[in-house]
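Here is a short briefing on one protein model. Look at the sequence and the structure first, then work through the points below.

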Amino acid sequence: MKNFISLNDVNYLDQLKNLALHVKQNPFAYKKYGKNKTLGLLFFNPSLRTRLSTQKAAFNIGMNVMVMNIDKDGWALEMEDGTVMNQGKQEHIKEAAAVISQYCDVIGVRTFAGLTNKEEDYSETFLNKFMKHSLVPVVSLESATLHPLQSFADYLTIEEHKKTNKPKVVLTWAPHPKALPQAVPNSFAQWMRATDYEFVIANPKGFDLSEKFTENVTVYHNQDEALKNADFVYAKNWSAYDTYGKTTAQFKHWKITSEKMQLSNQAKFMHCLPIRRNVVVADSVLDGDSSLVIQQANNRTFAAQTVLLKLLGYEN
Ligand code: SN0
């Protein structure tokens, strides 16, 4: 695997899943593959799970890790070629990416969507520029449009908890006080479409995701209808794609409550975290037996460990 920025970097999903399940049972069996290798993690945005689980994954295979909150501790990076750099930005991405590449064998980068310029976000301007100048494999720690490590962990969690071969998985929009990126739902949709599951999306009118990620997926604008017979309910807020970055204070009734979960087939509740309690989901659901959010977060380690092994050239 050359880079891991999307499901498109995965050749055989079943093989990747089997490796992850083996890694989860034998986390320290691959120690020799990361020996004397260094992982650099660059964060332009906050992180809890991604940062810690990816570090832990690297430690499990014997890698060394360097972490940098590059937005706070680094120089401000210029992205444009040919700029006269006499303003606020001190360093060009060309030198930064090349220099960091010399210290690392794999580089992880987190860059959220700016949510102001759809073209720029959806062409993954920053990540592509970074990869162009990086000399080593790059793993996305959530980019403007995708969060593949999260989706891989979500997929593993569903595989572990499914009771039928073709469970019904519902991705539902949920309310939130802020405008959030579409990366988590885009990515989840991309991975779910690669499985045999029955996958549907529920969101209010005006909140449809980009068709690039939802082709052939049934989209309900009525949440109750979508939840019928669901085996997994994945809640997530996202801001509008069409009226880009817009959000709304309406649709409070899209919050996931115990009553809503009763419409399902005793579904498991999922969310990537962090989650706004009693806005996205009621305490009773999040604290109840059906919630898988902690298991999802645990699987982040094994998803990252599997991806790091593949980026280091491990063949299974
Ligand atoms: C990010 C998102 O993409 O939605 C990261 C999720 C893994 N979430 C947030 O930024 C939540 C921030 C908030 O205000 O609750």
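Buried means under 20% relative accessible area, exposed means over 50%, and partly exposed is in between (1.4 Å probe, protein chains only). Helices (H or I, at least four residues) and strands (E, at least two) are DSSP runs, numbered from the N terminus. This is a predicted model: local features need pLDDT of at least 70, side-chain atom pairs count only at pLDDT 80 or more, and totals for chains, interfaces and linings use all residues. Residues are numbered from 1 along each chain as its sequence is written, and side-chain values use heavy atoms, with hydrogens and water left out.

**A covered helix**

- The buried residues of α8 are Ala183, Val184, Pro185, Asn186, Ser187, Phe188, Ala189, Gln190, Trp191 and Met192.
- Ala183 has a relative accessible area of 0%, so Ala183 counts as buried.
- Ala183 and Tyr122 are 61 residues apart in sequence, and their C-alpha atoms are 10.0 Å apart in space.

**The nonpolar core**

- A nonpolar core is a set of buried Ala, Val, Leu, Ile, Met, Phe, Trp, Tyr and Cys residues joined through side-chain atoms within 4.5 Å.
- The largest nonpolar core has 76 residues; Phe152, Trp191, Phe199 and Phe269 touch the most other members.
- Helix α13 (residues 293-311) gives the most to this core, with eight residues.
- Domain 1 (7-146 + 300-311) and domain 2 (150-296) each supply at least three residues to this core; the domain bounds come from an automatic or database domain assignment.
- In soluble globular proteins, nonpolar side chains tend to be buried together.

**Around the ligand**

- Which residues surround the ligand? They are Phe112, Glu142, His147, His176, Lys178, Leu180, Pro181, Lys236, Cys272, Leu273 and Arg276; a residue is near a molecule if one of its heavy atoms lies within 4 Å of it.
- By class, this shell has five nonpolar, two polar and four charged residues. Ala, Val, Leu, Ile, Met, Phe, Trp, Tyr, Cys and Pro count as nonpolar, Asp, Glu, Lys and Arg as charged, and the others, Gly among them, as polar.
- A polar side-chain atom of Glu142 lies 2.7 Å from a ligand oxygen atom.
- For an N or O atom in the side chain of Lys236, the distance to a ligand oxygen atom is 2.7 Å.
- For the side chain of His176, an N or O atom is 3.0 Å from a ligand oxygen atom.
- The ligand has 410 Å² of accessible area on its own, and the protein covers 86% of that. Accessible areas come from the Shrake-Rupley method with a 1.4 Å probe; for residues, only the protein chains shown count as cover.

**Backbone points**

- Most residues other than glycine have a negative phi, and most peptide bonds are trans.
- A cis peptide bond joins Leu273 and Pro274, with omega about 5°. Pro274 is in the loop between β11 (268-270) and α12 (283-286).
- Asn36 has a positive phi, near 60°. Its place is the loop between α1 (13-25) and β1 (38-43). Asn36 is exposed because its relative accessibility is 65%.
- Asn216 also has a positive phi, near 65°. Asn216 lies in the loop between α9 (211-214) and β9 (218-220). Its relative accessible area is 75%, so Asn216 is exposed.

How values were computed
A polar contact is a pair of N or O atoms within 3.5 Å; within protein, one must be able to donate a hydrogen and the other to accept it, and residues adjacent in sequence count only if both atoms are side-chain atoms.
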